[in-house]
Amino acid sequence: MSGGAKNSESGIIVVLTGGSPIDVREISEMADAVIMAWYSGQEGGYALGDLIFGDANFSGRLPITFPADCAKLPDFEDYSMKNRTYKYMSDNIFYPFGYGLSYGKVSYSSPSVVWNKNQTATVKVSVTNNSAIKTTETVQVYVSAPGTGQTAPIQQLVAFKRVELNANATAEVSFTIDAAQLKTVESDGSSKLRKGVYKFAIGGAAPSDRTNELGVSVVEKEVTII
């Protein structure tokens, strides 16, 4: 599920089908909820009914970024990566990569990152379901390497894990990130583990100002690799 839902007993639910990003600004203003159903197949109607009427809980996440304004997208003849994909977009974001709603409300806390001698990073975070319904959360780990936004992506997804949380329950989620996942592709085509500060963002969507506006919980922690 993607979009925003207002607190009301009845309202308008818009179900969209398709296979690519859609300009949903006007729809979001008029609707109480927006559901991106993609191409769900012959059983999609039954699944959608279960979700809308509360017999199942939403847990999907966007595998792409929905832009806010199509006119601001790079020209087809512009082959740079600036403002393309979640790795290089800092604005013009309406729904961020990895975003999705459910009937639950999840928060993140107590992040920790430890760089180990065996060239791995151990990432831990506490995830809490602040609702009275069982919820499945996709915990996502993004990394910003030295040179972020200049000679390295703004961020990149390095790990994710689906976690089932009972009502009002908290779980500690742990990841082991290998050094190869933190390397940056240099101008000569080689991959290098740069020395410096790495920022880890753990939460329910790719970090951005728009993610904060949507109320998605994201926590950050830095570690220095020398």
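Predicted model: local features only at pLDDT ≥ 70, side-chain atom pairs only at ≥ 80, totals over all residues.
**Entry on S6 and S9.** I then examined how strand S6, residues 120-129, is joined to S9. The two strands run antiparallel, and nine bridges join them.

**Entry on S5 and S6.** I turned to the pairing of S5 with S6, which is also antiparallel and has eight bridges. Within this pairing I noted Ser-109, which stands opposite Ser-126 in S6. I followed the chain through the hairpin of S5 and S6 and found four residues between the strands. In that hairpin Gln-119 takes a positive phi near 65 degrees.

I recorded the strand order as S5-S6-S9, in an open sheet of three strands with antiparallel pairing. Which strands are the edge strands? They are S5 (106-115) and S9 (170-178), each of which pairs on one side only. From one strand to the next, I noted a twist that averages 20 degrees.

**Entry on Asp-78.** I next located Asp-78 in the loop between strand S3 (66-67) and helix H3 (85-88). I found a polar contact of 2.9 Å between the side chains of Asp-78 and Ser-80. I also checked Asp-78 against Glu-29, 49 residues apart along the chain, and noted a separation of 32 Å between their C-alpha atoms.

Notes: Residues numbered from 1 in each chain as written. Heavy atoms only, no water. Pairing = 2+ DSSP bridges. Axes fitted to C-alpha atoms, helices over the stretch in contact; angles between N-to-C directions. Polar contact = N/O pair within 3.5 Å; in protein donor to acceptor, adjacent residues only side chain to side chain.
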